[in-house]
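I wanted to go through this structure one question at a time and write down what I looked up. The entries below follow the order in which I looked.

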Amino acid sequence: MTTSSVNPLLLGQGLPPFDLIRAEQVEESIGQLLQELEAKLSYLEANIIPTWEGLVEPLTAIEERFSWSWGIVGHLMGVQNSPELRQAYENIQPEVIKFSSRIGQSKPIYQGFKSLENSKDWANLLPAQKRIVESSLKDAQLAGVGLEGESLERFNQNRLLLAELSTKFSNNVIDATKAFKLELSQPEDIAGLPESLLSLAAQSARAQGYENATAEQGPWLITLDFPSYGPFMKYSSNRTLREKVYKALISKASCGELDNNGIIEEILKIRQQQAQILGFFTYAEVSLSRKMADDVEEVEKLLEDLRVVCYPAAIAQLQELENFASEGDLKHWDIAYWAERQREAKFDFNSEQLRPYFPLPQVLEGLFALAKRIFGVTIEAADGQAPIWHPDVRYFQVKDDTGKPIAYFYLDPYSRPAQKRGGAWMNDCIGRAKLTNGEIRLPVAYLICNQTPPIDDQPSLMTFDEVNTLFHEFGHGLQHMLTEVDYPGASGINNIEWDAVELPSQFMENWCYDKQTLFGMAKHYQTAEVLPEHYYQKLLDARNYMSATGMLRQLHFSLLDLELHHRYQSGGPETIQQVRDRIAKNTMILQPLEEDAFLCSFGHIFAGGYAAGYYSYKWAEVLSADAFAAFEEVGLENEAAIRAVGKRFKETVLSLGGSLPPMEVFKAFRGREPQTEPLLRHSGLVRS
């Protein structure tokens, strides 16, 4: 049977045929797939053999068959969103949730796992296999396998509702981002704006029907998409317009048809119900039961240890900024603008001056050279070897030190606010596995960014922050692609506790400041001139500029997330906004404005996997800073030592995936438990 005669969403293996997939195929194909898998699941439940081969392998086959098809649909929702795809997704999603619940709540499968754990075969299983079984038992308990009757019915109804609410939340944010456009046409409107932003704003205007828009003459459109919003807030000297754009961002998705306020309230209420049905006091306890951290108190202690160091430093930073600024009493919409002016004055450069030295092709070359230097892998373009979902998407091959292909990845680098959600992420397209014929199925990753697109005849000229983001997502990709675990349940990032999963991504960001890495990629897109040495020194000097303020912002998000999922009571004495205002007293120097509805676009916790887990960024940053310190200790110029430490990092953090608890993996690399000192040192908050 040829590929073209099969519904492309039902192929079940290999690279997704994106060129053949249409939104109208989703409901029929996923519906048909669920029927087939229901039958296979029923057969497995009736014929449980509590062994690895008799239970885990056939169950994994069912789960992988499902995740291949549904994973493609979820991926396209993030990168190629459309009204037709949304409708199809929403129509079939309840059936998908029911199927997922059916697997998670299957008592025969749960008992089969229990029997396997207590069987004579248990001693013969590898650590990765044992951990998969133990995690499956834990997941089943959290999925409600122990529930009966009315509790089970309510739990499942809540799961459906939560999925629907999260999807609605995410769609509202996309639509609200897309809805705001500030048209600029007068010289005073664009005062201070750099050429790169004017070119992007004119390109945005042309895309909206202003056919004659030019960077020189306008009109120009500013949007809430970050490549537009970020530079505007940094460079616009028109304070009135900065205020307008800032208030549009903080009130995004908080009114009218796209209002997420009610959705947030409902999500928190239902999550709390789910926790209590499962026998927990709060949803935070449910979340932490599958993480490295033992309990809320342990997380809050780490966050408080960091807060007491950076809060007074952040106060001092704001005071210094106010003394510098000519506007005196600074408002929220002034901070980015004056911080950039102060950075220019202190370090004699601005972000825009660096853009010409970071064209995407050159940055990729430097990133791939680093991967070869420290991990011994070679990355080559493989464009044309895989179907893609958009013309901008690239495809790459990863080879080991013998030249053998070991992985592949897609890169979708540019922002597309009309169809792509904001932020940046890595996701797995195909996971590594050992097949029944003994062959190794190679992993394939999706790397998604939202950086400045090419403008006119220029390549994508990246800000240094965008370079950092690319390195970050590539770190996630490395953990997915360099895994050596052959069991899908623990290969790559699978089965890694959420508060450890940011370790390799944040680790990779440190290399942006490594001299050899930076000079290997920072070359002027027109002249090929290497970034002048004095800029490198300025980058190092500016690295920790306003670092306490940045860390405090992350701590604010983390503590607010925990508070909402651990102590907030729906219908209780405090509103959600009052909770935020209370947390802000110790975690924000400028208190939130009355119209600040930031939570209405906080997709990480209301439409992503970070609910009661946003602290994971800081938790893992302790691990990643300490991991990078291992390289610093041997000397970043010592190539032989760097390769040796890189080999150990690859063979532990990147190779072992979820086959061992993350603390064991970290100790295998570092020889001890993590310490917080490297993070505070890297942030400039303690002296080295």
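Predicted model: local features only at pLDDT ≥ 70, side-chain atom pairs only at ≥ 80, totals over all residues.

Entry on L636. With that naming in hand, I placed L636 in the loop between α23 (616–634) and α24 (639–654). Is L636 buried or exposed? Its relative accessible area is 19%, and because buried means under 20%, L636 counts as buried. I then looked up what L636 touches beyond four places in sequence, and found R373, W511, D514, F628, F631 and I642. For one of these, D514, I also looked up the separation: D514 and L636 lie 122 residues apart in sequence, while their C-alpha atoms are 7.6 Å apart in space.

Entry on the ring cluster. Several aromatic residues are linked by ring pairs into a cluster, which consists of F375, F507, W511, F628, F631, F649 and F669.

Entry on the nonpolar cores. The largest nonpolar core holds 132 residues, and the members that touch the most others are F409, F474 and W511. Helix α12 (residues 296–324) gives this core its largest share, 10 residues. Apart from this core lies another one of 59 residues, including L34, Y110, L116 and V145.

Entry on F409. Which residues does F409 contact once its neighbours within four places in sequence are set aside? I listed F368, I379, R394, Y395, F396, V398, A445, L447, F474 and M481.

Entry on the strands. Strand β3 (residues 378–381) runs antiparallel to β4, and 4 bridges join the two. Strand β4 (residues 394–399) has 5 of its 6 residues buried, so the rest of the structure largely encloses it. Strand β5 (residues 405–414) also pairs with β4 in the antiparallel sense, over 6 bridges, and here K399 has P405 in β5 as its bridge partner. β4 and β5 form a hairpin with 5 residues between them, and in the turn G403 has a positive phi of about 90 degrees.

Entry on aromatic pairs. How many aromatic pairs does a search of the whole structure find? The search finds 48, of which I wrote up two. The rings of F324 and W338 have centres 6.2 Å apart and planes at 75 degrees, so I recorded this pair as edge-to-face. F324 is in helix α12 and W338 in helix α13 (residues 332–347), 14 residues apart, so I noted a link between distant parts of the chain. F324 is partly exposed at 35% relative accessibility, whereas W338 is buried at 10%. The pair of F557 and F602 is tilted, with 5.5 Å from centre to centre and 50 degrees between the planes. F557 sits in helix α20 (residues 547–566), and F602 lies 45 residues away in the loop between α21 (576–587) and α22 (603–606). F557 is buried at 7% relative accessibility, and F602 is buried at 4%.

Entry on charges over rings. The charged end of R271 sits over the ring of Y283, 5.5 Å from the ring centre. R307 lies over the face of Y311, at 5.5 Å from the centre of that ring.

Technical notes:
Residues numbered from 1 in each chain as written. Heavy atoms only, no water. Core = buried A, V, L, I, M, F, W, Y, C linked by side-chain atoms within 4.5 Å. Buried < 20%, exposed > 50% of the residue type's maximum accessible area, 1.4 Å probe, protein only. Contact = heavy atoms within 4.5 Å. Phe/Tyr/Trp six-rings, centres within 6.5 Å; stacked < 30°, edge-to-face > 60°. Lys NZ or Arg CZ within 6 Å of the ring centre and 35° of its normal. Pairing = 2+ DSSP bridges.
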